[in-house]
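Here's a quick tour for anyone opening this one for the first time. Have a look at the picture, then read on.

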Amino acid sequence: MIRRRTLLATSAAALAAPAVSKAQGVTKLSIYYPIAVGGPIPAIIDGYCKEFQTQTGIEVTPVYAGNYGETMTKAVTAIRGGTGPQLAVLLAAEMHSLQDMDILVSLDELGLDAEGRKWVEGFYPAFLANSRVDGKTWSVPFQRSTAIMYYNKAAFAEAGLDPDKFPRTWAELAAAAAKLTKRDASGRVVRWGVKLASDAGNAQWTFGALANQAGHILMNEAGTETYFNHPKAIEAMAFWRSLAFEHKATPEGISAWPQLSPDFLEGNAAIIQHTTGNLTNVRDKAGFPFGVAGLPGKEGPRTVVGGGNLYFFKQANAAERAAALKFARFLSAPERAADWSIRTGYIGTRPDAYETPALKEYVTKFPPADVARGFLPVAVGELSTFENQRVYKALTDNIQACLNGAKSAAQAMVDTQAEADRILKPYKRA
Amino acid sequence: MAGVRRETLQAWALILPALVLLVAFTHWPAVATLVDSLYTTPKGSRPPRFVGVENYVALMDDPVFWRALHNNAVYALVTIPASVVLALLMALAVNTALPGRPLLRMAYFTPTMLPMIAVANIWLFFFTPDYGLFDRIVGVFGMGRHNWLGDAATALPAMMAVAVWKEAGFFMIFYLAALQAMPPDLKEAASLEGSSRWNFFRRVTLPLLMPTTLFVLVNAVINAFRLVDHVVVMTRGGPDNATTLLLYYIYETGFRFWDTAMAATLTVVLLALLGTLAIFQFGVLGRRVHYR
């Protein structure tokens, strides 16, 4: 109680004296942080927090709360209980759901001046695709990635394919994957051509990329409508299904995300669709020459972005909000975005990060690190609606039924749309 | 008069700690759940609204709920008898004089000591298609690949195998304890009478084990609805709800969809189901149990 009153008093004082930095009254913030891939990410974040404290005197305590889903659960539970963090990194695609809970504060309300607005404009537009609605910006891109293809160059050479030319169209991918699929004398597959994740939590991401590859966006910007029964969405689903049932180049049934990296590293899958965030891991463990390429498309490469953004919570007082904004700007400064990208494999969220000497030098030395960025212009935002997780479940269930052979592509998409319509009915405004 | 009152007071004081814990952590949440299930889920600025049994009606129309109920029924009907029979067989095996008996007992009991999350991760490797343990084994016999957890037909049986493996060792301990407590003179008397081993088992051992069996059955039923850790780790209910069990669906509804009213409704249904099963077990089976 005393602390809150002190904070209020100081923030009032800070507002009254414009010469004093607004954030000075606040010395403590806490941020919930999800760990989505392996590696030393907590150590890196701890380092940034320490540096921020030395610069500004504000102590930021990161709470590593599990994966994206668990972090969301914990953050929301804590906030509903009246405590909780001032900011958190959560899935970019959860914007509508978080808004619906009425716990967010937009960047515009945090108090952006002209210079601040210019800073927001400096992010890659693809990374802001899941941040904007009603003319307001609700989150700051941070731990961002895109889907990319990892491919086994040795397997390409063995199958008589050019290891330096990755397929650019669906037809080329299907043909290459069929050639890459290797069977032993008994007909048992010893290497699959391609594997895409279709387990819960990942199927919708894979499908978002495929839909974009067919030239289709799955929802409106307001997050109140979905377009699954569109012929182009059905076409995307049919292509995915055909990789298993016609081309026999990917297993029927479910392929789980956590299994893809081991499959690739074991030589059990020649091509996998995964996140850029996995690059450092694959680089360190692959026992064969591998390549990184953009996703193909029906006619040409198309992909989808993914990952987490920084969200700000309403319950923070004015001084805490200002401090939180300051921390967000600190994290996205070009040198730090560059350092982050080099140490994790996530993409620098702003073009100016790639102008820094450190990142310039790194991508010259290790060109695969720069492949994903080249595909940002053909990337779209993730599937993001109100009741996001429910819509994800409807889509995932139907994708799984389709890949198990229980439903046709058209049936799966029509059923998804019917379920999504039912879920989103309360959000349709006339 | 005053003495009586003091005694009453004393009695209340003695049960107070237990009462407080029971009310706070069992009865109050159960009542609150029932109340919540009659309201809509509060959303942002919209407060909860009383809707009566509307949530229950909506639940009847939810295909995933029926799927989960069906899965759970199959799961219970297979895993309970399988793990109980296996537990009895294992207990009988390690109750006889065998070389290395303590080691064998240990081996049977090991799965029980491992946390379910660890068990699920180990089995995740067993079930890995192509190069997992099971595919390697069936590969030796020239059989093709199996997408154990990714195929709707094999996913639920795979989860049941894990549950039986985990549970049987635990129930074995109770059977073993009961077998050890059985007076040896019964066996001697029976062999003097010229009773066959099978006859002795059927007429003497099994009836004497009935109290243990009832206890084990009650636990097995509860566990069949309570243990979902392996679902979270291995399949998250997929493919297409093939492994969605009731409790997992409650978790999903409550903490992924934040539909607290529907989660409360589901919880009430689960409570009613477990309550009915418990009444049946104690009322019907309990009467047939012979206590010494």
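Two residues count as being in contact if their C-beta atoms, placed from the backbone, lie within 7 Å. On that basis, 24 residues of chain B are in contact with 27 residues of chain A. The chain B side of that meeting place divides into 6 nonpolar, 11 polar and 7 charged residues. Keep in mind that this is a predicted model.

Let's take chain A by itself. It has 19 helices and 12 strands. Its radius of gyration is 23 Å, close to the 22 Å that the globule rule gives for 430 residues, so chain A is as compact as a globular protein of that length. The C-alpha trace of chain A spans about 80 × 55 × 35 Å along its principal axes. Buried residues make up 52% of the 430 residues in chain A. If you take the contacts in chain A between residues at least 6 apart in sequence, 73% join residues at least 24 apart.

Now for the inside. In soluble globular proteins, nonpolar side chains tend to be buried together. Here, the largest nonpolar core holds 127 residues, and among those that touch the most other members are L87(A), A177(A), V194(A) and I271(A). Helix α11 (residues 231-245) of chain A provides the largest share of this core, 9 residues. Both domain 1 and domain 2 of chain A put at least three residues into this core. Leaving out residues up to four places away in sequence, I271(A) touches M149(A), Y151(A), A177(A), L180(A), G193(A) and V194(A). Another core, of 53 residues, lies apart from that one, and its members include A220(B), A261(B), M262(B) and L266(B).

Last stop, chain B. Is helix α8 (residues 184-192) of chain B well covered or hardly covered? Hardly covered: the count of buried residues among its 9 residues is 0. After α8(B) comes G194(B), whose phi is positive, near 80 degrees.

How values were computed: Residues are numbered from 1 along each chain as its sequence is written. Chains are lettered from A and ligands numbered from 1 in the order in which they are written. This is a predicted model: local features need pLDDT of at least 70, side-chain atom pairs count only at pLDDT 80 or more; totals for chains, interfaces and linings use all residues. Ala, Val, Leu, Ile, Met, Phe, Trp, Tyr, Cys and Pro count as nonpolar, Asp, Glu, Lys and Arg as charged, and the others, Gly among them, as polar. A residue is buried if 20 or more other C-beta atoms lie within 10 Å of its own, exposed if 12 or fewer, and partly exposed in between; C-beta atoms are placed from the backbone. Helices (H or I, at least four residues) and strands (E, at least two) are DSSP runs, numbered from the N terminus. A nonpolar core is a set of buried Ala, Val, Leu, Ile, Met, Phe, Trp, Tyr and Cys residues joined through C-beta atoms within 7 Å. Domain bounds come from an automatic or database domain assignment. The radius of gyration is taken over C-alpha atoms; the globule rule is 2.2 Å times the number of residues to the power 0.38.
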